[in-house]
Amino acid sequence: MDKEEKMGVEDQLEMVAKAFVNHYYHLFDTNRAALAPLYHHTSMLSFEGQKIQGAEEIGQKLAQLPFEHCRHFISTIDSQPSPFGGGILVFVSGNLQLQGEEHQLKFSQMFQLIPTQHGSFFVQNDMFRLNYG
Amino acid sequence: MDPDAVAKAFVEHYYRTFDSNRAGLANLYQEGSMLTFEGAKTQGAQAIAAKISSLPFQQCIHNISTVDCQPSGPAGGMLVFVSGSLQLAGEQHALKFSQMFHLMPTPQGSFYVLNDIFRLNYA
């Protein structure tokens with residue numbers, strides 16, 4: 001058996017998590033308006049303690065964040081299966097560079113991804129926190 | 001009961017137990033529980049308790065800065081997202097950390113930890 005055939009469910013899950021994270025932050029950094037389709041009407045976002053529900057409102061919140069451009073630099077991605085729902089829990093840490101700012105901000109974020117009928121995932125839960133120095 | 005209050009109560013209980021009686025954490029996990037601690041994966045209450053008990057320090061104190069929570073789905077679970085700092089006995093500087101828990105209800109009306117992911121946030 002070659003290595004790929006031996007790849008277990010957990011490894012596949014990790015690949016999905018990594019692919020999602022890269023896609024999410026790439027969109028965030030290049031085209032924030034395109035994030036809304038990653039959420040559904042049941043989705044929840046906690047952004048620095050502020051709670052927002054539903055794809056439309058979440059999309060608006062993200063689009064209205066008080067900066068034009070930013071860049072996420074990802075340090076760690078951890079994932080685990082989320083039983084009783086078939087989802088994936090993803091835990092990210094890294095740095096955030098805001099345009100014009102001298103120093104990067106550290107952040108952590110967690111997602112619960114739920115599979116869609118079409119074989120992809122949507123974000124059901126999203127919690128973001130800056131980690132102050 | 002207010003979910004935010006439940007999450008806060010759980011977090012306080014968890015870190016108080018961690019800081020005073022690490023072996024006592026075993027009761028908060030079950031067979032299907034998963035822990036990822038600084039990238040190292042462990043499964044099952046016994047193995048998780050052994051992992052936590054064997055961490056290379058005697059005393060520590062967790063100081064919690066933020067607790068966020070959201071319901072995880074129809075099974076009644078709760079996602080809890082914590083950030084704070086960790087003071088190890090004898091170390092001069094506190095370490096910053098983030099942790100997420102996925103809590104599931106027990107028949108007795110409390111919660112156990114199904115998923116647990118811990119990361120230090122280096123400077």
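A:K18 is partly exposed because its relative accessible area is 39%, where partly exposed means between the limits for buried (under 20%) and exposed (over 50%), found with a 1.4 Å probe on protein chains only. The model is predicted, so local features need pLDDT of at least 70 and side-chain atom pairs count only at pLDDT 80 or more, whereas totals for chains, interfaces and linings use all residues. Residues are numbered from 1 along each chain as its sequence is written, chains are lettered from A and ligands numbered from 1 in the order in which they are written, and side-chain values use heavy atoms, with hydrogens and water left out.

A:K18 forms a salt bridge with A:E14, with 3.8 Å between the closest N and O atoms; the term stands for a side-chain nitrogen of Lys or Arg within 4 Å of a carboxyl oxygen of Asp or Glu. Both A:K18 and A:E14 belong to helix α2 (residues 9-30) of chain A, where 4 residues, about one turn of the helix, separate them. Helices (H or I, at least four residues) and strands (E, at least two) are DSSP runs, numbered from the N terminus. A:E14 is also partly exposed, because its relative accessibility is 27%.

A:E14 takes part in a salt bridge with B:K41 as well, at 3.0 Å from N to O. This pair joins two chains, because B:K41 lies in strand β2 (residues 40-43) of chain B and A:E14 in helix α2 of chain A. B:K41 has a relative accessible area of 42% and therefore counts as partly exposed.

B:R119 and A:D78 form a salt bridge at 2.7 Å, N to O. Here too the pair joins two chains, because B:R119 is in strand β6 (residues 111-120) of chain B and A:D78 is in strand β3 (residues 70-82) of chain A. B:R119 counts as buried because its relative accessibility is 14%, and A:D78 is buried with a relative accessible area of 6%. A:E14, A:K18 and B:K41 are joined into one network by salt bridges that share partners. Over all chains, the count is 5 salt bridges, and between chain B and chain A it is 4.

The size of an interface is often given as the accessible area lost when the parts come together. Between chain B and chain A, about 2600 Å² is buried, and carbon and sulfur atoms give 58% of this area; buried area is the accessible area (1.4 Å probe) that two parts lose on being put together, summed over both. B:Q70, B:F81 and B:R119 supply 24% of the area that chain B buries against chain A, more than any other three residues. The contact, defined by heavy atoms within 4.5 Å, takes 31 residues from chain A and 34 residues from chain B.

In chain B, 6 strands form an open sheet with mixed pairing, in the order β2-β1-β6-β5-β4-β3; two strands pair if DSSP finds at least two bridges between them. β2 and β3 (60-71) of chain B are the edge strands, each pairing on one side only. On average, neighbouring strands of this sheet are turned by 15° against each other, direction ignored. Axes are lines fitted to C-alpha atoms, for helices over the stretch in contact, and angles run from 0 to 180 degrees between N-to-C directions.

B:K41 in β2(B) is the bridge partner of B:T36. The hairpin of β1(B) and β2(B) has 2 residues between the strands, and B:E38 in this hairpin takes a positive phi near 50°.

β3(B) pairs in the antiparallel sense with strand β4 (residues 78-88) of chain B over 11 bridges. B:G84 in β4(B) stands opposite B:I64. B:T66 is found in strand β3 of chain B and is buried, because its relative accessible area is 16%. B:T66 and B:S83 are 17 residues apart in sequence, with 5.2 Å between their C-alpha atoms. Not counting residues up to four places away in sequence, B:T66 touches B:F81, B:V82, B:S83 and A:R129. Helix α1 (residues 3-20) of chain B lies across β1 (29-37), β3, β4, β5 (95-105) and β6 of chain B, and runs at about 155° to β3(B).
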